[in-house]
Amino acid sequence: MTDPAVAAGSAPKHPYAGAVIALATLHGKAEALAPAFAAIGARLVTAEGVDTDTLGTFSGEIERQLPPLDTAIAKARLGMAATGLPLGLATEGSFGPDPMIGFLPLHREIAVLVDDTRGLVIAESLDSHQVRHGGCPLKVWDALDQTRLDHFGFPDHALIVRSEPFAAGGTIHKGLRERAALDAAIEACRRTSPGGQVWVETDMRAHMNPTRMQRIALLAERLVARAGTGCPQCRAPGFGRTGVQPGLPCADCGAPTAATLSEVASCRACGFHDVRARADGLTEADPAQCDLCNP
Ligand SMILES: [Zn+2]
Ligand SMILES: [Zn+2]
């Protein structure tokens, strides 16, 4: 049955329909972020001349000083300041071993929509094991073999080469996507490295890493969906999941485990929160996760 309100064309409008939003990025993220916003009639304006790398780089020449969420908010504010717009969008990625599983690499991308017209920050994040991230040292006699290059996703995914150890005055080459350029960069970095050792790693800037770009596009869809969800209490946009509660019972003995029992959704504007069952419907934990059954 068609909802009469929808049929009459009075379906609730997305709070950011038609909005103009500043985006500060050096790394071509607009391409991945724009479609989700275009779908609600919002437009992204790329802030020219804003150097988001001052807030930290993946390759470590500039260390990130703030936690990822604060870095993303600071980036969004750089774009708002440069364009004079009251709305700003930014994303921030982090990469490393999964804190729960350990050996598996984890990509966490955070996106924020800073809204000074409502005094709100709407944040969404996406965790993924689908990630092209890694690095390895190359001693003076080592060559980069095909297996390693395939693992890095080269040449679709660009590489960075730097002298090792990397200190002030060291050489770094980024965005390498051709074998000849990669080999030349390795040679150049060897010449400035005291022991002839170099470090090769994936270039995690969005436009250099198509796997990351895909995740950013998906995250943009989630951020738009969240921005379109109003708080049940105060109607402010951005209501959604903010955390989880552990204690899912063991399927064998029923004892609470560290696995997620419920999800907490909250409103950043009024503080209202709501505890709900897991979205995936799981009601029992694998006994392998139980401290009693599997000490
Ligand atoms: Zn158990
Ligand atoms: Zn609220």
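Q: What counts as a donor of a metal?
A: Donors are N, O and S atoms within 2.8 Å of the metal (3.2 Å for Na, K and Ca); water is not among the atoms, so sites may look incomplete. This is a predicted model, in which local features need pLDDT of at least 70 and side-chain atom pairs pLDDT 80 or more, while totals for chains, interfaces and linings use all residues. Residues are numbered from 1 along each chain as its sequence is written, chains are lettered from A and ligands numbered from 1 in the order written, and side-chain values use heavy atoms, without hydrogens and water.

Q: Which protein donors does the zinc ion (ligand 1) have?
A: Cys250 (SG), Cys253 (SG), Cys290 (SG) and Cys293 (SG) lie 2.2 to 2.4 Å from the zinc ion. Their spacing along the chain is C-x2-C-x36-C-x2-C.

Q: What is the site of the zinc ion (ligand 1), judged by the angles among its four donor atoms?
A: Ideal angles are 109.5 degrees for four tetrahedral donors. Four donors count as tetrahedral if all angles lie between 85 and 135 degrees. Here the angles are 104 to 113 degrees, and the site is tetrahedral.

Q: Is Cys253 buried, partly exposed or exposed?
A: Buried means under 20% relative accessible area, exposed over 50%, and partly exposed in between (1.4 Å probe, protein chains only). Cys253 has 40% relative accessibility, so Cys253 is partly exposed. Cys293 is also partly exposed, at 37%.

Q: Into which domains is the protein chain divided?
A: Domain bounds come from an automatic or database domain assignment. The domains are domain 1 (4–131 + 208–228), domain 2 (135–203) and domain 3 (234–295). The C-alpha centres of domain 2 and domain 3 are 43 Å apart.

How values were computed. Four donors count as tetrahedral if all angles lie between 85 and 135 degrees; four count as square planar and six as octahedral if opposite donors are over 155 degrees apart and all others between 65 and 115; anything else is irregular.
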